[in-house]
Structure formats: C-alpha cells, structure tokens
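Student: Could you take me through one part of this model slowly? I would like a close look at a single spot, and then at how the chains meet.

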Amino acid sequence: MRKFALLIAMISVVVLAKLVVIGPWSGAEQEKFMPVLKAFEEKYGIKVEYRAYRSEDLSKILPAQLNAKRAPGDVIFMWAWFIQDQAKKGNVVDLTGIINEEDYVPGALDAVKVGNKIYGIAYTGKVKPGFWYRKSFFEKHGLKVPRTWYEFKALLENIKHIPGIKAPIASGDGVGWPLSDVTEHFLITFGGPYVQKDLIEGNLKWESNTVRYAMGKLVELLKKGYFGEPTEWTMALKQWWNGDYALYFMGSWITGMVDDPKDLGVFTLPGAKGVVFGIDYAFIPKYSKHIEEAKKLIKFLATEGQIIQVKQGGHMATYKNVSLNDYPPVDREVAKLLRGMKALPDLDDSVGGIFQKTFWDQLKLLWVDPDRLDEVLKVLDEKMEE
Amino acid sequence: MRKSRLLHFLVFMLPALALVFVFVIYPSARTIILSFFDEEGHFTLQNYKKVLSSRDTINIDGIARGEFPLGTLLHNAIWIAIHLPFTTFLGLILAVLLRRTRGGNVLKSFIFFGMVMPMIVGGVMINFLFDANVGIVNALLKFFGVHPRTWTAHPETALFSLILGSVWLWTGFGMTLYSAGLETIPKDFYEAASLDGAGPITQFFKITIPLLKPITVVVMTMTLLWDLKIFDIVYVATQGGPGGASNVLAIQMYNYAFVEFDYGKAAVVAVLLTIFTMIAAIPLIRTVGEES
C-alpha cells in the first residue's frame with residue numbers, strides 16, 4: 001500500500017512538474033519559439049506548455065492574479081516596467097546569481113533590476129531598424145536608398161507617383177504600436193538618442209522645442225500624404241509586400257513574416273544615430289508551484305535558448321556569447337546596419353501604463369489629422385504626469 | 001401559525017436573498033464606498049473631482065472647437081440621442097411591414113442575427129464594414145463618388161460609425177418585441193377602423209402606436225440601458241479612439257481600473273453609470289407597476 005502511495009506521489013510530481021510558459025508570440029513567431037522549448041524539454045526532461053497571451057491583455061489580468069497569490073504560468077514574458085513594478089510588490093522571484101550580468105549587452109538588465117537584485121532575464125530582442133523595402137520593387141522602379149533627409153523626401157515623392165501605389169509608406173495599426181515605433185524613430189533621428197531616454201525618465205516635456213521639432217518632421221510627411229491610412233498591421237504587411245506601398249517601418253521580426261526574406265532591404269532615416277532595441281523580458285512569479293524547475297528554464301532561455309532562437313531569424317541576442325555566425329544572412333544585414341548606432345529602449349514599453357495606451361491612441365489621431373499636433377503633445381504631457 | 005409562515009418565507013427566500021446580497025448589494029455598496037476613499041483608505045471627494053474635471057469625461061476644448069473628442073459623457077449622450085430613436089423606430093417599422101409580407105419571418109430572422117451575434121464579433125464586423133479596403137460601406141459610397149476611407153479611423157466619423165453599426169446590431173431586439181406586441185392587438189380593432197373609413201396610416205397612429213405603448217417603454221428602456229453600458233463593440237472596433245474620439249463611459253471605467261489600476265476613479269464612473277441606469281429604469285418599473 002505504501003509502495004502504491006509512493007508511486008502515485010512520484011507520478012503526481014512528474015505530472016505536476018509541467019512548466020507553463022506564457023509569451024506574446026503566436027502564429028509564425030510562435031513556431032520559431034517552439035524549438036527553444038523543445039530543446040529544453042530534451043535536455044532536462046521537463047515538459048513545457050506554451051500559452052500565447054498579448055502583453056496588453058496580460059497586463060490587465062496578471063496584477064489581480066498576483067495580488068491573489070496565484071500564477072497563471074511558471075515563466076512569463078512581460079514588459080520590463082511591469083516586472084520591475086511587480087518585483088517591488090514582492091511578487092517576483094529573485095534571479096540574482098542565476099545569470100551573470102556581464103554576459104549581456106550593457107544595460108540590458110537595468111530595466112528589470114531593483115537595487116542590485118535582478119528580477120527578470122533579458123531574452124532576445126527585436127531591433128526596429130527603419131524602413132523596409134523590397135529590393136525587387138526598388139530595382140523595378142529605379143529607386144535608390146536615400147542618404148539625406150532631402151533624398152528621403154524626394155524618394156517619397158517619386159514613389160507617390162508610381163501607378164497603383166496607395167501611399168509611399170504603409171501605416172501599421174492595431175493596438176497602435178507600429179505607429180509609435182515609427183514616431184520613436186523620428187524622435188531619435190531629429191532629437192538625438194538622448195531624447196528617447198529623457199522622455200522615458202520624464203526629464204523632457206512633450207511640448208518642448210526638441211520634441212516639437214522632431215515631431216514636426218513627421219507631421220510634414222503626414223500632411224503630404226506620404227503615410228497611408230492606419231491599417232491593421234498584418235494586413236498592411238501583405239499590402240506592402242504586394243506593392244500597394246513601397247516602404248514599411250517595422251521591427252526585425254518582419255524577416256520571419258515574408259515569403260522571400262532575401263528580397264528585403266532596410267534603411268534608417270538619414271542621420272539616425274540610435275535605434276530601438278526592444279528586448280523581451282521574462283520572470284518567474286513568486287507563486288509558481290515549480291520554482292526550481294522554472295529557474296532551470298529561465299536560465300536556459302537566457303543563455304543557450306538565445307542561440308536557438310536567433311537561428312530561427314528575426315531575433316537579436318542580448319547574450320554576448322551568441323556568435324554572428326548563428327544569425328541567418330538577412331539578420332546579419334540588420335546587425336551591420338546597427339554598427340555605430342546607440343541601442344535604445346522602447347519608449348512606450350518602458351513607460352507603460354495609461355501613457356502607453358494614450359500614446360498609441362493619440363498617434364492614431366495625429367496620423368489622420370496632423371494639424372492637431374499641439375493637442376496631441378499636450379495630452380501626452382498630461383498623461384505622462386499621471 | 002405565524003412562525004411557520006415566517007419559516008416557510010425564509011426557507012424559500014433566503015437562497016435568493018443571499019445571492020442578491022452577495023452578487024448585487026455587497027458589490028454595489030463596496031463600489032460606492034470605494035469611490036469615496038483614496039489608496040491610503042482616507043475619505044475623499046478627490047476621485048469625483050478628478051473624474052468630473054478630466055478631459056476624458058468632458059473635453060471643454062473639444063466642445064469649444066466643435067471637434068471630437070467631446071468627452072465620454074457627451075459621447076454616451078450622442079449615442080443615446082441617435083441610437084435610441086433609430087432602433088426603436090426601425091424596430092417598429094420593420095415589425096409592421098414584415099408582419100404580412102411573404103417571407104417576412106425569414107427576413108426577421110436575418111435581422112435578428114445581429115442580436116444573436118456576440119458583440120465582440122459585432123465589433124470586428126463593424127471594423128470591416130467601415131474599412132477602406134474591404135468595407136461594404138465604402139463599396140456602396142463609391143457609387144456616389146465618395147473617396148474610400150476607414151470611417152472608424154477618423155475622429156469626426158468614428159463615433160457615428162460605431163453608432164450606426166450598433167443600430168444594425170440592435171434593431172432586431174425592438175423588431176422582435178414589437179412583432180410579439182402586434183400579435184396581441186385584436187384584429188377587430190382594425191376591422192372596425194376600416195369600416196369607419198380609417199386608412200392604414202390612421203390605423204397605425206391611432207391603434208398600433210397607442211396599443212404598443214407598454215412595448216415601446218420596454219424597448220426604449222432596454223435600449224437606453226444598452227447604450228449606457230456600451231463597451232464591447234467600442235473596445236474591439238476602436239478602443240475608444242482615435243484620440244478618444246469614440247470613447248464611452250464603460251471604456252473609461254475599464255481604463256481606470258485595468259490600465260491605470262486606479263480603482264477609486266473606476267468606482268466613480270461605475271457610480272455615475274449606476275445613477276444614470278437607475279434614472280433610465282424608472283419608466284420601466286412604473287409601467288410594470290401600472291400593468292400589475
């Protein structure tokens with residue numbers, strides 16, 4: 001009888017030791033993440049179940065669950081500001097000592113630290129390098145990559161007159177982040193890399209001359225109709241690929257979402273000295289039932305997992321021990337583009353909360369009514385204060 | 001004997017009363033209390049002051065310029081002002097017209113689909129209806145030379161697009177209730193009116209509308225309540241944007257609670273919505289009272 005009870009207990013342990021990973025990737029992105037989890041399962045013999053949740057949705061349900069001392073997953077990918085916030089509330093497992101901070105891109109872990117303690121891992125990141133184009137489209141229409149702001153505007157004017165083009169640049173929409181990505185690129189280019197950090201830390205007003213100047217450049221293009229009407233971003237991707245638009249501002253994950261990545265080319269706004277490097281962060285909730293197993297997984301994700309992930313394409317490692325040879329050719333191109341550039345955190349992901357939602361919403365307004373820039377900047381300042 | 005009656009009363013009523021207390025009275029009272037306290041647990045009116053003076057609730061600048069957003073209070077008022085008469089009138093007209101029409105019941109079923117559909121799906125469909133690339137609205141307007149645009153993406157048309165979409169989704173409710181109401185009017189009334197020389201229009205205004213008054217009260221009250229708590233289709237279609245141009249009270253409450261995590265402000269909006277809902281429910285309660 002005792003043996004039987006022991007057997008049942010052992011089976012229960014094995015069955016219960018199934019880890020749940022919650023991440024933001026679905027569809028093609030999820031398929032590229034699954035080999036990482038499979039490699040972990042094979043190495044440690046621990047089963048892992050993956051559940052896809054958008055961070056926007058998770059941010060609404062997770063605080064209540066953590067407050068109730070419940071965890072929907074053992075390893076959860078989430079925004080850095082959220083992890084830091086929950087760490088301060090005592091809801092996150094301390095990962096200091098699990099990973100070596102020096103093995104990562106400088107500053108990569110700053111956003112998930114409270115004091116000297118590390119509460120999250122920096123997984124791979126996505127670079128938002130600039131405007132993507134189809135090399136075949138540029139060749140067909142005799143277009144060239146611009147080297148100055150004036151060449152960029154001339155390029156847009158040329159594209160506008162190509163028959164069948166809806167607008168030179170596709171505007172991805174949905175919840176609003178594709179618009180915020182392109183806006184941040186303008187802020188960094190025309191305000192300088194430090195504008196991004198100053199805005200995140202609240203040291204710079206949205207109504208300041210620096211921001212107004214940078215936003216003015218964007219508004220100039222919006223008023224000339226160089227940007228298309230905001231369209232759901234995956235639909236806009238298809239339209240851009242089919243030739244309805246010539247350029248599309250998107251993160252490096254785009255390489256994994258098109259039929260022929262070899263046909264992709266990308267350029268930054270002329271004069272840009274920094275790009276956003278949006279890192280995916282993960283943490284272990286304090287109320288996980290398998291904290292030790294989850295620590296093994298999170299360490300694996302932060303180290304070996306990154307090598308497997310970058311091989312799938314579309315991801316850039318934060319782990320320094322990933323070799324350039326591990327990247328697919330198209331991602332190496334992105335890596336080259338980043339030489340000499342300052343890697344910056346994503347603005348709205350860093351600030352988070354109601355500001356993030358407002359930022360996305362106000363940009364939707366600016367896109368269709370660029371004359372309301374003053375009002376948009378005023379609202380952003382108000383929400384930043386809140 | 002009295003004790004026995006009291007015991008029976010308690011046995012039968014207690015489960016229901018317990019449920020009402022747990023799920024209605026306690027949460028309502030807790031929400032009202034929450035609206036008067038800050039995070040530290042001190043009594044305050046600041047939550048009310050913050051919500052009522054917020055640009056999200058009433059946007060004075062927008063009102064002065066005549067530009068959206070005007071604020072959630074006005075957006076809900078506009079919603080009611082357009083949606084309520086449209087759905088009530090359309091429901092009545094469709095019920096009357098389809099009553100004697102061949103295939104009327106099939107048509108009614110199609111119109112009722114809007115009601116059966118989950119409102120989340122309704123919101124997605126509204127997005128498609130008004131989309132520049134695939135929307136049927138743009139396809140129709142092209143005939144009149146109107147340039148295609150995504151109507152929900154522009155501040156001046158976003159709210160109206162959602163309201164029109166919700167008219168399509170909600171008309172089936174009024175139509176169904178009126179259809180049932182029409183069956184209760186005795187045919188003799190119409191026959192007698194015909195003998196007296198009254199035409200269809202006179203019969204409609206002198207017999208149909210007055211006798212359907214109780215139904216009209218129910219349709220209007222329920223529609224008003226639906227308009228006040230409108231959330232799902234707005235959340236899915238526009239999230240209250242662009243720039244808050246289609247924001248409504250329920251979305252504002254949701255944002256306070258689950259984006260800002262400011263439960264005090266969320267409770268204030270909930271209290272306001274409850275007050276408006278109670279005011280709207282009074283005619284319904286009175287009518288039910290009169291009938292009984």
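Student: In which helix of chain B is the place of Val51(B)?

Tutor: Val51(B) sits in helix α2 of chain B, residues 46-52; helices here are DSSP runs of H or I with at least four residues, numbered from the N terminus. This is a predicted model, where local features need pLDDT of at least 70, side-chain atom pairs count only at pLDDT 80 or more, and totals for chains, interfaces and linings use all residues. Residues are numbered from 1 along each chain as its sequence is written, chains are lettered from A in the order in which they are written, and side-chain values use heavy atoms, without hydrogens or water.

Val51(B) is buried, at a relative accessible area of 1% (buried means under 20%, with a 1.4 Å probe and protein chains only). Beyond its neighbours within four places in sequence, Val51(B) is in contact with Thr57(B), Gln252(B), Tyr256(B), Lys265(B), Val268(B) and Val269(B), contact being heavy atoms within 4.5 Å. Arg30(B), 21 residues away in sequence, lies 18 Å from Val51(B), C-alpha to C-alpha.

Now to the meeting of the chains. The contact draws 24 residues from chain A and 30 residues from chain B. Across this interface the rule finds 5 salt bridges (a side-chain nitrogen of Lys or Arg within 4 Å of a carboxyl oxygen of Asp or Glu). Asp61(B) forms a salt bridge with Lys378(A), with the closest N and O atoms 3.6 Å apart.

Notes:
Helix = DSSP H or I, 4+ residues; strand = E, 2+ residues; numbered from the N terminus. Buried < 20%, exposed > 50% of the residue type's maximum accessible area, 1.4 Å probe, protein only.
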